[in-house]
Amino acid sequence: MSLYKKILIPIDNSEESWHALIEGLKLAADKGTWIVIATVAPVYPAEVLFTGASDPKEKVIAPYIELLNKAKKVVEEKGLLAKTLLEEGDEPFERIVDVAYADNCDLIVMGRGGSKLKRIFLGSTTARVIGYSPVDVLVIPFGKGLGWGRILVAVDGSSYSERAFEKALKLANEHESELIILSVVDYPPEYFAEAPQVIEKEISKRVDYLSKLEERCNKYGVKARKFLKEGAAEEKIVETAEETSSQLIVLGTYGRKGIKRLLMGSTTERVLSEGICPVLVVK
């Protein structure tokens with residue numbers, strides 16, 4: 001049985017979201033997973049809609065209806081079933097999150113821009129969905145395929161990374177993947193000079209923690225490798241993913257309030273900006 005029972009795939013007219021749709025459908029294949037495909041049309045002021053043109057609203061939403069029909073055709077060609085929704089709103093991320101709540105989805109699959117500018121743009125719909133989503137978000141960079149052969153999960157002993165590890169372990173067990181367990185000791189440089197004993201103690205704790213996680217993998221029959229590195233967390237995560245040819249990165253995140261939800265800068269968001277492979281953000 002699939003870890004995720006009902007996935008939401010928001011789409012628009014960008015090639016990034018269409019790529020995410022095609023890759024996201026792989027999650028549903030042979031797993032009995034329900035699919036919800038949604039698109040969000042903008043809400044235009046009345047003075048724009050009623051300027052003498054016949055059926056102005058229909059003309060506004062026509063491209064979105066066409067997009068959903070195109071998506072439905074692809075789904076049917078793959079022998080899958082999907083519910084399609086046309087939403088309206090000025091802030092697409094709000095409608096996407098609302099649909100996730102209303103339809104009891106447990107995963108949102110979204111695309112990520114290919115250019116550096118698109119990847120780091122703070123106001124992107126993807127970044128905001130991650131901030132506000134009540135459920136996990138799978139971000140698939142444009143041009144990157146979704147695979148399961150090798151999954152990397154970053155852990156630091158926190159409750160957030162513990163939830164990420166549990167999801168990664170279940171996915172690895174489900175897909176017979178190798179699990180790469182990475183922990184990064186990330187302290188300011190002055191700690192190494194002024195309080196080396198703090199670093200040594202933390203490293204010792206992480207070694208024990210990684211061994212316990214490896215034992216849990218063995219219990220489930222999941223092949224695992226563990227890594228402990230020192231440095232900037234996001235850099236070491238990307239570095240290890242490249243070294244091990246990981247096909248999926250699993251990261252934990254935490255709930256934030258207000259404007260902090262919209263700001264880039266966390267380890268999770270910096271890893272996302274690199275776009276080296278799909279990233280599952282566990283909420």
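## Basis of the model

The structure is a predicted model, in which local features need pLDDT of at least 70 and side-chain atom pairs count only at pLDDT 80 or more, while totals for chains, interfaces and linings use all residues. Residues are numbered from 1 along each chain as its sequence is written, and side-chain values use heavy atoms, with hydrogens and water left out.

## Overall architecture

The protein chain contains 11 helices and 10 strands; helices (H or I, at least four residues) and strands (E, at least two) are DSSP runs, numbered from the N terminus. Of its 283 residues, 48% count as buried. Buried denotes under 20% relative accessible area, exposed over 50%, and partly exposed the range in between (1.4 Å probe, protein chains only).

Among contacts (heavy atoms within 4.5 Å) between residues at least 6 apart in sequence, 77% join residues at least 24 apart. The chain exposes about 14100 Å², and carbon and sulfur atoms supply 52% of that area. Accessible areas come from the Shrake-Rupley method with a 1.4 Å probe; for residues, only the protein chains shown count as cover.

## Salt bridges

The structure holds 18 salt bridges, each defined as a side-chain nitrogen of Lys or Arg within 4 Å of a carboxyl oxygen of Asp or Glu. In one of them, the side chains of D136 and K167 meet at 2.6 Å, N to O. This pair links distant parts of the chain, with D136 in strand β5 (residues 136-141) and K167 in helix α7 (residues 159-175), 31 residues apart. Both partners are buried: D136 has 4% relative accessibility, and K167 has a relative accessible area of 18%.

A second salt bridge joins the side chains of R206 and E202 at 2.7 Å, N to O. Here both residues lie in helix α9 (residues 196-219), 4 residues apart, which is about one turn of the helix. R206 counts as buried at 10% relative accessibility, and E202 is buried at 13% relative accessible area.

## Helix α10 and its surroundings

Helix α10 spans residues 233-243. Its buried residues are A233, E234, K236, I237, V238, T240 and A241. These residues pack against β6 (150-154), β7 (178-185), β8 (224-230), β9 (248-252) and α11.

What does the salt bridge between E234 and R270 tie together? The side chains of E234 and R270 meet at 3.3 Å, N to O. E234 lies in helix α10 and R270 in helix α11 (residues 267-274), so the pair ties together parts that are 36 residues apart in sequence. E234 is buried, with a relative accessible area of 16%, whereas R270 is partly exposed at 41%.

S245 is a residue other than glycine with a positive phi near 55 degrees. S245 is placed in the loop between α10 and β9 and is partly exposed, with a relative accessible area of 48%. N104, also not a glycine, has a positive phi of about 55 degrees. N104 belongs to the loop between α4 (92-102) and β4 (107-112), where it is exposed at 63% relative accessible area.

S245 is among the residues touched by R150, together with E178, I180, R225, T244, S246, Q247 and L248, not counting residues up to four places away in sequence. R150 is placed in strand β6 and counts as partly exposed at 25% relative accessibility. The C-alpha atoms of R150 and E178 are separated by 4.8 Å, although the two residues are 28 apart along the chain.

## A negative surface patch

D186, E235, E242 and E274 form a negative surface patch. Patches are made of residues with over 30% relative accessible area and no salt bridge; like charges are joined within 9 Å, and nonpolar side chains (Val, Leu, Ile, Met, Phe, Trp, Tyr) within 5 Å. Lys and Arg count as positive and Asp and Glu as negative, while His and the chain ends are not counted. The place of a charge is taken as NZ of Lys, CZ of Arg, CG of Asp or CD of Glu.

E235 is exposed, with a relative accessible area of 52%.
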